[in-house]
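Hi,

Here's the structure I said I'd pass along.

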Amino acid sequence: MPENAAQQAGLLFDAKAQSWESKYRPNGPLAFRVKVFAALLQGRVEPGAAVLDFGGGTGAIASALSRRGLRMTVCDVSEQMIETGKQLHPEAAIDWRPLPANWKRLPFADRSFAAIIASSVFEYLNGVENVLAECRRILQPGGKLFFSVPNPAHPSRKFERWLRPLAVLLLKIPGVARLPKIGNYLRYLEVSRARFSQAQWRQKAARAGFRPVAVQLEPAHLAANQALMYLAFE
Ligand SMILES: C[S@@+](CC[C@H](N)C(=O)[O-])C[C@H]1O[C@@H](n2cnc3c(N)ncnc32)[C@H](O)[C@@H]1O
């Protein structure tokens, strides 16, 4: 049995590693994420700046940003996501950093990065406050933090909230977690559980020393997945 949320997430994404990158094919369901994070960073970091993709998975976003001249680091608790990413993007100048499931301190010096991005990662965290404090520590003064998280007001997220207790029960039945597709979906419901409003995320970020940054995304970016919301801090 996995002991903590990061271990659960690591195992869930180890299982998804081989197929993850196909979601970023042209017009694939996650392709918009590259455009969104490129737009968020555009004009807010210097060319060649050091950027951390926290929970960066197979590096689909990081490799695209590295082609745009940013110095990318990817860290993640899923060894398989990292290993798959290395194989898929051998040409990308990415610093790949696997993290132990029980990490408390990120393996980076204070003030290492001009920006941190985290695409759909914070909802898997158990200790959001510690992670925000770590982000603050490794960001340079004035450094930016951009992350996407589930929008709890969206109908699909309300449905997930309703379904989650059932998923937890079903996963207690032997063999259910190993069922193709449905097993992974139930585990996603179990593990992706940090749901906060925009105001609550802002409070948590403020406690870690961040202040909000106003960003305007194109309507097409926002429309690509209305079940997500984007937060920006410095
Ligand atoms: C939904 S995937 C997103 C991957 C990538 N950011 C993307 O948008 O394609 C979530 C990622 O967060 C990672 N993750 C979950 N909990 C984590 C933690 N505590 N520390 C670091 N990475 C974590 C998972 O292993 C997984 O690769």
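First, is F210 buried or exposed? F210 is buried, because its relative accessible area is 4%, under the 20% cut-off for that label. Bear in mind that this is a predicted model.

F233 is buried as well, with a relative accessibility of 1%. The rings of F210 and F233 pair up: their centres lie 6.2 Å apart and their planes sit at 55 degrees, so I'd call the pair tilted. This pair joins distant parts of the chain, with F210 in the loop between α8 and α9 (219–224) and F233 in strand β6 (residues 228–233), 23 residues apart. Both rings belong to one aromatic cluster, which also takes in F54, W103, F122, F147, F196 and W201.

There are 14 aromatic pairs in the count. Another of them is F13 with Y124: the ring centres are 5.2 Å apart and the planes at 90 degrees, so that one is edge-to-face.

On to the helices. Helix α5 (residues 128–138) packs against helix α8 (residues 198–207) at about 55 degrees, and their axes are 9 Å apart. That angle makes α5 oblique to α8, and the crossing is right-handed. At the contact, V128, E129 and L132 of α5 meet W201, K204 and A205 of α8. Sorted by class, that gives four nonpolar residues, two charged and no polar.

Cheers

Definitions and conventions: Residues numbered from 1 in each chain as written. Predicted model: local features only at pLDDT ≥ 70, side-chain atom pairs only at ≥ 80, totals over all residues. Heavy atoms only, no water. Axes fitted to C-alpha atoms, helices over the stretch in contact; angles between N-to-C directions. Helix = DSSP H or I, 4+ residues; strand = E, 2+ residues; numbered from the N terminus. Parallel < 35°, antiparallel > 145°, perpendicular 65-115°, else oblique. Left-handed = near helix turned anticlockwise from the far one by under 90°. Contact = heavy atoms within 4.5 Å. Nonpolar A, V, L, I, M, F, W, Y, C, P; charged D, E, K, R; others polar. Phe/Tyr/Trp six-rings, centres within 6.5 Å; stacked < 30°, edge-to-face > 60°. Buried < 20%, exposed > 50% of the residue type's maximum accessible area, 1.4 Å probe, protein only.
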